[in-house]
Amino acid sequence: MAYKVFGLTASDQTSLLRIAILGLISIVAVGSRLYSVIRFESVIHEFDPWFNYRTTRYLVDNGFDKFWNWFDETAWYPLGRVVGGTLYPGIMVTSATIYNALHLVNIPVDIRNVCVFLAPAFSALTALATYQLGKEVKNATAGLLAAAFIGVAPGYISRSVAGSYDNEGIAIFLLVFTFFLWLRSVRLGSALYGALTAIFYFYMVSAWGGYVFIINLIPLHVFALLVMGRYSNRLYVAYSTFYVIGTLASMQIPFVGFQPTFTSEHMAALGTFGLIQLVAFASYVRTLVPSDQFRVLIRLSILGLFVVGFGGLVLLTMTKVIAPWTGRFYSLWDTAYAKVHIPIIASVSEHQPTAWPNFFFDLNMLIWLLPAGIYFSFRELSDNHVFLILYSLFAAYFAGVMVRLILTLTPIVCVMAGVAMANVFEIYLDFSKTKSKAEAVKAEDSVMEKKEREIQGELPAAKTIYETAGFKRFYALFPQIVVVANFLYFLCMFQLHCSWITSSAYSSPSVVLASRGPDGSHHIIDDFREAYYWLQMNTKPDAKVLSWWDYGYQLAGMADRTTLVDNNTWNNTHIATVGKILASDEDTAYELARHLDVDYVLVVFGGMLGYSGDDINKFLWMIRIAQGVYPDGFKEEDFYNAAGEYAIGDTASPTMRRSLMHKLCYYRFHEVMGPQGFDRVRKQKLPRDVTLDNFEEAYTTENWMVRIYRVKDLDNYGRSHHAASAFEGPRFKNDFVF
Amino acid sequence: MASQKQTQTQTDTQAVALRSLARRYTAQTPRRLRVIDAYMAFCVAVGVVQFVYCAAAGSFPYNAFLAGFGSAVACFVFAANLRMKTDPQNRQQFPGSSAEGAFGEFVFCHVVLHFVVANFLG
């Protein structure tokens, strides 16, 4: 059956096809991430990417040594931040390397474009890595399907559109590739692949805090295999090589430091390493002293050691020899933990538990192919399949706990869906059996006909339509056609769903917003950049700008001004102080702001446009965080009115109306909206008589989204600002005529 | 009395088992593997010395201790890998691998490891 096309044998044709398909998958993966660039422009998105972009620029401009030792005194004023030691440098170094390589061959690309297009480029690599993983656990068909899935799955696109220059952009590639190398090293028992796993693990450690997932999942895999009585020398070679190199290498990243030797997150790996040494030794001894009971003994001792080790771990954690799990990890077990103990973690929307529709939204049909994939894995249950099952279960659990961990679930869902789909197609696209069956039916038919003719004499019997050979052939093919058509339909729907989600939900830079007028016209809302540009052009280079921490990275990246708090959120007290300033009354806030050297206060206000992610809606979290650190004088309930509502207008509680945030947002707002005006986000009537004495309005953007206030200097005559403005008389108050 | 006797026989059987173990080891292990075993014992000794020093004299500088101790552990592990892969009894467990290939992997792992260790020693 060797048909030759263009002089190629069948196997050559398949590999050519595979390469072509992978190429197309890569193109689709990159292409579907470019919506934001086409709709808006080549701009860095959101919040964290602005920090990564800023540090990358610093790295490119100043070189690696300076980057490594960078102390940034313009962040967390007046504390400063040791940037080099508190970041994962992987993504910056990657971009800088690409940038330098391109410049070496005289392609004068801008560093911003390298950063913007890094995540899409890596998504193509992720597709290739997923292909390898699928091929490793099943076959090339599963690999190709998995690659096609991950190329467009919204769960991954959400973190890797062009401009979303975040750690996850490269980390998912590293995650998948590390797991692929791990599985291969286990299958072959190859120290070479073990060492490669460790090298990519190191890259992963340098790129994303999610490396903890790898350093727990791989030991868990090993441990599960040991308990299943599946110890092999291959496993020993793979794991011990990976662990010793990986751990030593991971400690080279300053942010990780010596953590692998004393934090609970890393202890499972160490324990498993010790365990596999014992098991290896025991199994070696067994080759010298054969005994039937040895297997039983080994299992018993493994369980015993596990209990002892776990107990020891708990004991050491309790006696503080090993650092306890960090808050973020507690919140993985107990979803209510963060809300009670660490409001700052709970306040981040991506740390919320996942709602059910999210799974379907981000993964579409893949989510119901996952159980099918697990089923097929159980049927084969090789060492690799044990890994897939463990990965599925844990990632599914974590994705349920925290929205953003859908990201780590996506690769395994794609692989499992690929496995399930490949199994389906293997059975239902195999027409060779049906063909022979149909031929058999045909042959049987003609035999029957002959017999019938012999019996009935010369008259051939009139046949109904159900008895014709054509119908029977069709009937034999029918189930196959239905199933295949069904799945093809699902595949098409999947692609449509993914494109739609990507274009409608995940392609907004959030720095620039777009809206449609009632007539369908397209408006670009560029208030953030307007405000940051104003700051850059009109304030002193060393001006300190106070804002809620969400805008810290953007302020540093776009306005290039000193900030008090930013998205790094390493110092809860400092953030609480900022929250306190925004939540207290004008005079207390003024005192605190002057104490902290603040020159400008920036608030984001959506009342004019109906932008719901504004500071008034985040205000409750600021109060909660401030309350956690300064319990006296702060009560969340004080900010609700008598009816228990979170109101902003004239019915708002006195504390709310006195608070700085309220004043800064609504100061003079009724002048533009009129006396009957409404806040478009809260759908409530505006407050009247918002007075402001200690701060003066410096700039308000076109759509009132960003309002910047100057902290007034002390009065020249030593009066309080209230007295001074009372003396100067009402300038804006109640003097508008409608 | 009975329990004493029992422990007596237990230790006896243990001693017998250990002796038979030693005998089988000397009888079954090729010379090449015995060299590796000696090297592994040396690695353990190096590791133990460092650990004792760390426990006695304090762990500062911790990075140097970790690098030294880690490299001792890693050398032991890599030698164990090499031993497993070159043991003629394990031939079928490692499909498509040869003694030369195993040694190549051994060298590769060491190159990667000592690159890291040298960086970590500080």
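**Figure 1. Strand 10 and strand 11 of chain A run antiparallel and are joined by 5 bridges.** The model is predicted: local features are given only at pLDDT of at least 70 and side-chain atom pairs only at pLDDT 80 or more, while totals for chains, interfaces and linings use all residues. Residues are numbered from 1 along each chain as its sequence is written, and chains are lettered from A and ligands numbered from 1 in the order in which they are written. Strands (E, at least two residues) and helices (H or I, at least four) are DSSP runs numbered from the N terminus, and two strands pair if DSSP finds at least two bridges between them. F695(A) has V711(A) of strand 11 as its bridge partner. The two strands form a hairpin with 5 residues between them, and W704(A) in the turn has a positive phi of about 60°. Strand 11 (706-711) of chain A is mostly covered, with 5 of its 6 residues buried. A residue is buried if 20 or more other C-beta atoms lie within 10 Å of its own, exposed if 12 or fewer, and partly exposed in between, with C-beta atoms placed from the backbone.

Figure 2. Strand 5 (544-546) and strand 7 (600-604) of chain A pair in the parallel sense over 2 bridges. In this pair, L546(A) stands opposite V601(A) of strand 7. Strand 7 and strand 11 of chain A run antiparallel and are joined by 5 bridges. There, V601(A) has Y709(A) of strand 11 as its bridge partner.

**Figure 3. V604(A) lies in strand 7 of chain A.** V604(A) counts as buried because it has 24 C-beta neighbours inside 10 Å. Leaving aside residues up to four places away in sequence, V604(A) touches Y551(A), D614(A), D615(A), M705(A) and V706(A). Two residues are in contact if their C-beta atoms, placed from the backbone, lie within 7 Å. V604(A) and V706(A) are 102 residues apart in sequence, yet their C-alpha atoms are 4.6 Å apart.

**Figure 4. M204(A), I245(A), M416(A) and V601(A) touch the most other members of the largest nonpolar core, which has 223 residues.** A nonpolar core is a set of buried Ala, Val, Leu, Ile, Met, Phe, Trp, Tyr and Cys residues joined through C-beta atoms within 7 Å. Helix 5 (111-137) of chain A gives the most to this core, 15 residues. Not counting residues up to four places away in sequence, M416(A) touches L369(A), L370(A), G373(A), I374(A), L388(A) and S392(A).

Figure 5. P78(A) lies in the loop between strand 1 (71-72) and strand 2 (81-82) of chain A. Most residues other than glycine have a negative phi, and most peptide bonds are trans. D560(A), which is not a glycine, has a positive phi of about 60°. D560(A) sits in the loop between helix 25 (552-559) and strand 6 of chain A; with 14 C-beta neighbours inside 10 Å, D560(A) counts as partly exposed. R668(A), another residue other than glycine, has a positive phi near 65°. The loop that holds R668(A) runs between helix 30 (660-666) and helix 31 (669-673) of chain A. R668(A) counts as partly exposed because it has 15 C-beta neighbours inside 10 Å.

**Figure 6. The contact between the chains takes 26 residues from chain A and 29 residues from chain B.** On the chain A side, helix 9 (191-207), helix 11 (233-250) and helix 13 (264-288) each supply at least two residues. Helix 11 of chain A gives the largest share, 10 residues. The chain A side divides into 16 nonpolar, 9 polar and 1 charged residues. Here Ala, Val, Leu, Ile, Met, Phe, Trp, Tyr, Cys and Pro count as nonpolar, Asp, Glu, Lys and Arg as charged, and the others, Gly among them, as polar.

**Figure 7. Residues 38-58 and 64-82 of chain B carry the UniProt annotation "transmembrane region", from an unreviewed entry.** UniProt positions are given in the numbering used here, feature names are shortened, and annotations may be inferred rather than shown by experiment. Residues 38-58 of chain B are 95% helix and 0% strand, with end C-alpha atoms 29 Å apart. Residues 64-82 of chain B are 100% helix and 0% strand, with end C-alpha atoms 27 Å apart.
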